[in-house]
Amino acid sequence: MSASTTTAGAEPMSHRRTLEALSGLLLVLFVAMLSSTVVSTALPKIIGALNGSQTQYTWVVTATLLTATATTPIWGKLADLFSKKVLIQLAIVVFLLGSIVAGFSQSAGQLIAARAFQGIGVGGLQALVQVAIAAMIPPRERGRYNGYLGGVMALATVGGPLLGGLIVDTSWLGWRWCFFVGVPVAILALVLLQATLNLPTVRRQNVKIDYLGASLIAAGVSVLLIWISFVDSSFAWVSWETAAMVGGSLVLLALAVWVEARAAEPVVPLSIVRQHTTALAILGSLAVGMAMFGGAVFLGQYFQIGRGYSPTEAGLLTIPMMAGVLLSSIVAGRLITRTGRIKPYIVVGSIVLVAGFALLGTIDHETSLYLVGAAMFIVGTGVGMTMQNLVLAVQNTVALKDIGAASASVAFFRSLGGTIGVSVLGAVLARRVTDQITHDLAAAGVPTSGDGGGSSNLNITALPDAVQHIVRAAYGDATGHIFLISAAIAVVGVIAALLLKPVTLRNSLDLPDSARSAAVAADAVDGAPAIDQVDVGPTREGAPTRG
């Protein structure tokens with residue numbers, strides 16, 4: 001049995017100290033998310049400047065998502081074993097090095113490698129910021145701070161494409177500043193965290209890191225995401241490549257589950273994932289991940305290709321989604337803090353999310369921008385009410401010693417869901433666009449090259465006016481179809497929210513001893529491995545003792 005400790009005796013930080021520490025955490029969260037969104041509108045110019053291919057175009061984005069998703073649970077588990085502050089600083093350094101190398105890349109291959117390395121740091125920051133906040137603020141009080149997190153995520157998700165468009169449109173900056181722009185912000189965050197973030201470090205003996213489990217999880221997820229990135233473009237859905245990659249991924253993940261069930265310090269504790277609240281939060285996070293990533297990617301493309309707006313204008317037109325996330329996360333967070341109840345807001349948010357996607361499913365290339373804006377605001381409202389609160393619901397049910405693994409598990413599946421959603425919906429969009437362009441060009445008597453338009457159709461300005469109209473209509477009309485699919489998938493989030501148990505958020509940083517004992521007893525009844533317990537008593541502030 002491994003030696004385990006908790007910090008039940010630790011006192012929550014004061015409001016002033018919390019805001020000081022939160023400033024650095026929010027800065028680093030902003031720059032981590034910005035790194036993924038800022039390239040979305042600049043990528044055509046970046047790949048053109050580096051003479052890259054269409055496959056490399058996709059991998060500049062996918063490489064970061066893949067490594068971030070695969071490493072998130074590993075960072076979360078490390079946070080349960082070592083100093084959270086040191087780990088956050090290490091993730092920032094990894095992110096900084098990746099950003100600098102990406103900015104100096106001389107070829108598309110170098111850029112992809114740098115983005116993959118950068119993604120390791122992004123995965124750490126996504127998980128560790130949530131863990132640090134959980135170690136500072138009790139769940140009952142955490143609601144009012146979630147508005148800040150939601151606002152930062154909304155600003156990065158929607159503001160990133162706008163900033164990327166401005167950078168590449170400014171002659172004296174150039175595309176390399178899409179990667180350099182986050183460096184000074186990350187350095188500032190590093191300095192702020194060193195000065196303001198003071199979390200109690202729990203020293204543990206006989207720590208064992210599950211390297212085998214971590215490797216199997218990373219390999220299994222990576223193979224799956226690689227398959228999703230290439231299926232239906234490089235090879236068919238039904239092919240030997242699909243069988244080999246999907247089968248290999250399932251074998252690796254099955255081995256990971258077997259190892260995790262027997263490891264002394266599993267990267268993803270199965271006793272936590274099997275808990276009622278955590279399992280349902282994971283399902284709900286898949287829908288939210290699709291909303292967060294898919295909304296930014298496909299709406300930006302809709303405005304630029306389907307409606308003919310510039311990258312900067314497309315960024316401005318997506319502001320209603322950012323406003324919805326910001327307002328709803330602040331209002332819901334304060335109401336949760338006041339009442340201590342969280343399920344009603346997650347349920348309402350998930351229903352609103354479905355309604356917003358359903359409304360976006362009606363758009364085409366001539367839809368009023370007021371209607372599109374209203375639909376985006378509704379989607380943003382749903383994201384703001386669910387995204388952070390699903391993590392909070394999980395954090396409320398686990399002991400502080402497991403907060404890293406639990407938080408990272410939700411973030412991992414949200415990122416995985418977003419990656420899968422973007423890849424699958426992108427494949428559906430490409431197929432419908434190709435078919436519609438081919439049909440409409442044939443109906444207009446315009447000869448095609450045989451590829452149904454192909455990737456060259458993205459260079460709209462080089463096409464004749466009549467062909468431009470056909471291409472824009474195809475993209476504008478097909479976008480509505482993929483949002484209808486998103487609405488159907490988001491219904492899973494509603495079901496998961498309805499099945500959540502109604503609870504009152506606790507006021508303590510850690511689970512009370514009685515609650516922990518009950519949780520262990522319940523796990524024992526269910527046949528799950530019991531969570532190690534120790535007698536904890538505060539000897540001095542922030543210094544727990546081992547029993």
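Predicted model: local features only at pLDDT ≥ 70, side-chain atom pairs only at ≥ 80, totals over all residues.

Analyst: The protein has 19 helices and two strands, taken as DSSP runs (H or I of at least four residues for helices, E of at least two for strands) and numbered from the N terminus. Residues are numbered from 1 along each chain as its sequence is written, and side-chain values use heavy atoms, with hydrogens and water left out.

Now to the loop. Thr-367 sits between helix H15 (343-360) and helix H16 (369-395). Thr-367 is buried, at a relative accessible area of 8%; buried means under 20%, exposed over 50% and partly exposed in between, with a 1.4 Å probe and protein chains only. Setting aside neighbours within four places in sequence, Thr-367 touches Tyr-302, Arg-307, Thr-362 and Val-372, where contact means heavy atoms within 4.5 Å.

Next comes Ser-368, which caps the N-terminal end of H16: one of its side-chain oxygens lies 3.2 Å from the backbone nitrogen of Tyr-370.

As for H16 itself, 21 of its 27 residues are buried, so the helix is largely enclosed by the rest of the structure. H16 also has a kink of about 30°, centred on Asn-389; the bend is the angle between axes fitted to the seven residues ending there and the seven starting there.

Key: Polar contact = N/O pair within 3.5 Å; in protein donor to acceptor, adjacent residues only side chain to side chain.
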